[in-house]
Amino acid sequence: MTLRLHNTLTGKKEEFKPVEADHVRMYTCGPTVWNYAHVGNLRAFLFYDLVRRHLRVSGYRVTHVMNLTDIDDRILDQAMHAGTTITEYVKPYAQAFFEDMATLRAEHVEHYPRATEHIAEMVDMISTLLQNGNAYIADGDVYFRIASFPKYGELSHLDRAGLKAGARVATDKYDKESVSDFALWKKSQPGDEKIGASWDAPFGRGRPGWHIECSAMSKRYLGATLDIHAGGVDLMFPHHENEIAQSEAANHAPFARVWLHSEHLADATGEKMSKSAGGFTTLRDLVAAGHDPLAVRLFLMANAHYRSRVRLSQEALHASAEQVRRLREFADRVNRATLTDADHAGLVDRTADVRAAYREALDDDLNLPQGLGLVFDHLREANAALDAGRFGPLNKTALLGLIDDVDAHLDVIRAEEPGLADEVERLIAERESARKSRDFARADRIRDELRERGIALEDSREGVRWRRVAPTAAERS
RNA sequence: GGCGACGUAGCCAAGUGGUAAGGCAGAGGUCUGCAAAACCUCCAUCCCCAGUUCGAUUCUGGGCGUCGCCUCCA
């Protein structure tokens with residue numbers, strides 16, 4: 001069982017081997033905090049979460065860095081219009097990002113560096129590039145000289161000729177040597193000082209270009225060579241390509257050994273969800289519409305393989321919610337099961353098989369959808385054994401193990417429920433006494449009442465159970 | 001114009017050279033005071049055409065369709 005990952009650099013699945021045997025250094029492109037993250041962004045972030053969780057399952061120690069881009073053209077524009085500084089402007093969105101990640105149960109990563117707090121590192125790297133002849137100053141701006149880096153285009157498999165033939169390469173309004181040279185440093189513009197977007201540098205006062213932050217910050221926290229660098233497919237070109245050029249030209253070392261790119265989330269019409277295009281959905285929108293964040297998590301992470309496009313839809317979200325419900329229902333059932341002396345031996349064996357197969361699916365380029373399919377298939381057999389009363393201690397142990405394995409990635413099963421409110425408990429007791437006296441009308445009234453408040457009751461041999469469900473339509477309107 | 005991906009049941013989706021996981025939705029049952037949950041049963045021949053092969057959904061070529069990147073973007 002070895003972990004294999006699809007490396008964009010080679011276009012193939014490769015056995016994963018970090019530089020240091022038991023330690024993985026991973027850098028992932030985080031949010032630009034100029035607005036709320038939309039669910040497409042969140043898909044990428046949850047993909048990172050899947051990667052880091054599975055690396056840990058695989059026995060690695062992980063040092064994971066996710067940057068926050070807190071300076072870029074959009075932020076500058078917005079801060080300018082709002083009449084505030086970029087630092088102030090960005091605050092609520094950075095906070096919202098962390099809230100969203102917490103809501104979606106993404107693990108905290110080791111470092112969340114912000115671009116504006118690492119200007120010194122960027123200035124250093126730009127200086128090096130200038131000294132090495134990989135960069136030049138033109139009219140106060142500093143550009144990377146692509147002609148000095150022959151490997152340029154290797155990641156995105158775009159050749160220079162293709163770039164030039166591109167219909168929409170920016171017109172040469174700057175004094176660049178080549179149209180595709182990109183900015184490392186932009187000289188201060190009139191309004192920049194007022195919004196706090198200007199810094200001193202040996203090559204003139206200004207602000208960093210977009211790409212340099214990732215090169216500088218990854219080096220600062222992880223060193224010159226990363227084991228894994230991940231991001232959305234749209235970052236492949238030019239962002240990641242530029243990172244490679246800057247880092248390798250400055251460090252004279254390979255930048256990232258494995259590149260992972262997650263596919264887009266499409267909106268309901270099938271088009272890429274994009275902030276600039278207007279229509280996009282945030283986590284807050286979905287929650288406000290009554291969707292369970294855990295269902296959103298499962299949908300984004302496991303509805304489809306990370307390298308295939310998915311379309312956001314009510315049906316798919318509902319299907320994910322049902323899957324969460326079934327998994328939790330099952331875990332609960334296993335925990336409460338009345339055990340028999342004899343185990344169901346066949347089931348014990350098959351649970352072990354499924355655990356192994358699940359692990360293999362994840363090891364095969366993180367195929368969580370396939371792994372989950374195996375698990376659901378097995379749930380049926382396990383539930384049948386539970387129904388039949390053939391369920392012993394080994395069965396329980398094995399199945400709890402499987403649940404743990406799955407939840408190591410999904411983290412939707414054992415997410416703690418809010419405590420049982422006293423009032424709910426009282427109403428359940430009340431309903432029980434009504435049922436005993438065969439006053440079913442009253443019993444049903446109580447159950448309906450709770451249902452409207454988002455609590456479903458279920459009667460079973462082991463007694464009454466309750467669980468949280470989406471509030472009914474009557475409740476929401 | 002260049003590069004690339006995808007097209008599997010009503011919907012989402014995994015997958016393999018030997019006649020296609022799983023989930024949602026739907027139908028019929030078992031169980032239940034009624035429900036719910038759970039279980040049982042049913043529900044596809046994999047866009048089209050040609051080729052390779054004993055055999056292709058899976059390989060090759062062509063076609064049609066959808067989408068992405070080449071520009072800020074997860």
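How are α6 and α7 oriented to each other? I opened the notebook with that. The model I am reading is predicted.

**Entry 1: α6 and α7**

I looked up the two ranges first. Helix α6 covers residues 212-222, and helix α7 covers residues 236-251. I read a packing angle of about 50 degrees and axes 8 Å apart. Angles of 65 to 115 degrees count as roughly perpendicular and those under 35 as roughly parallel. α6 and α7 are therefore oblique to each other. I also checked the hand: α6 passes α7 in a right-handed crossing.

Next I listed who touches whom. On the α6 side I found I212, C214, S215 and K219. On the α7 side I found H239, E243, Q246, S247 and N251. I sorted this contact by class and got two nonpolar, five polar and two charged residues.

The peptide bond from F237 to P238 is cis, with omega near 0 degrees. I placed P238 in helix α7.

**Entry 2: α1 and α9**

I moved on to helix α1 (residues 39-57) and helix α9 (residues 293-302). Their axes lie 9 Å apart, and the packing angle is about 75 degrees. That makes α1 roughly perpendicular to α9.

From α1, I noted V39, L42, R43, L46, D49, L50 and R53 in the contact. From α9, I noted R297, L300 and M301. The class count for α1 with α9 is six nonpolar, no polar and four charged residues.

**Entry 3: α2 and α3**

Which residues of α2 and α3 meet? I had the geometry to read before that. Helix α2 takes residues 73-82, and helix α3 takes residues 86-103. They pack at about 105 degrees, with axes 9 Å apart. The two are therefore roughly perpendicular to each other.

Then I read the contact itself. α2 brings I75, L76, Q78 and A79, and α3 brings I86, Y89 and V90.

**Entry 4: the loop at D365**

I located D365 in the loop between α11 (345-363) and α12 (368-388).

**Entry 5: domains**

I took the domain bounds of chain A from the assignment. Domain 1 runs over 4-262, domain 2 over 283-410 and domain 3 over 422-476.

I then turned to domain 2 and domain 3. Their C-alpha centres lie 27 Å apart. Six residues from domain 2 and five residues from domain 3 make the contact.

How much area do domain 2 and domain 3 bury between them? I noted about 540 Å², with 36% of it on carbon and sulfur atoms. I asked which residues of domain 2 lose the most area to domain 3. They are G290, E329 and R336. Together these three account for 62% of what the domain 2 side buries.

Notes:
Residues numbered from 1 in each chain as written. Chains lettered and ligands numbered in written order. Predicted model: local features only at pLDDT ≥ 70, side-chain atom pairs only at ≥ 80, totals over all residues. Heavy atoms only, no water. Axes fitted to C-alpha atoms, helices over the stretch in contact; angles between N-to-C directions. Helix = DSSP H or I, 4+ residues; strand = E, 2+ residues; numbered from the N terminus. Parallel < 35°, antiparallel > 145°, perpendicular 65-115°, else oblique. Left-handed = near helix turned anticlockwise from the far one by under 90°. Contact = heavy atoms within 4.5 Å. Nonpolar A, V, L, I, M, F, W, Y, C, P; charged D, E, K, R; others polar. Domains from an automatic or database assignment. Buried area = accessible area lost by both parts, 1.4 Å probe.
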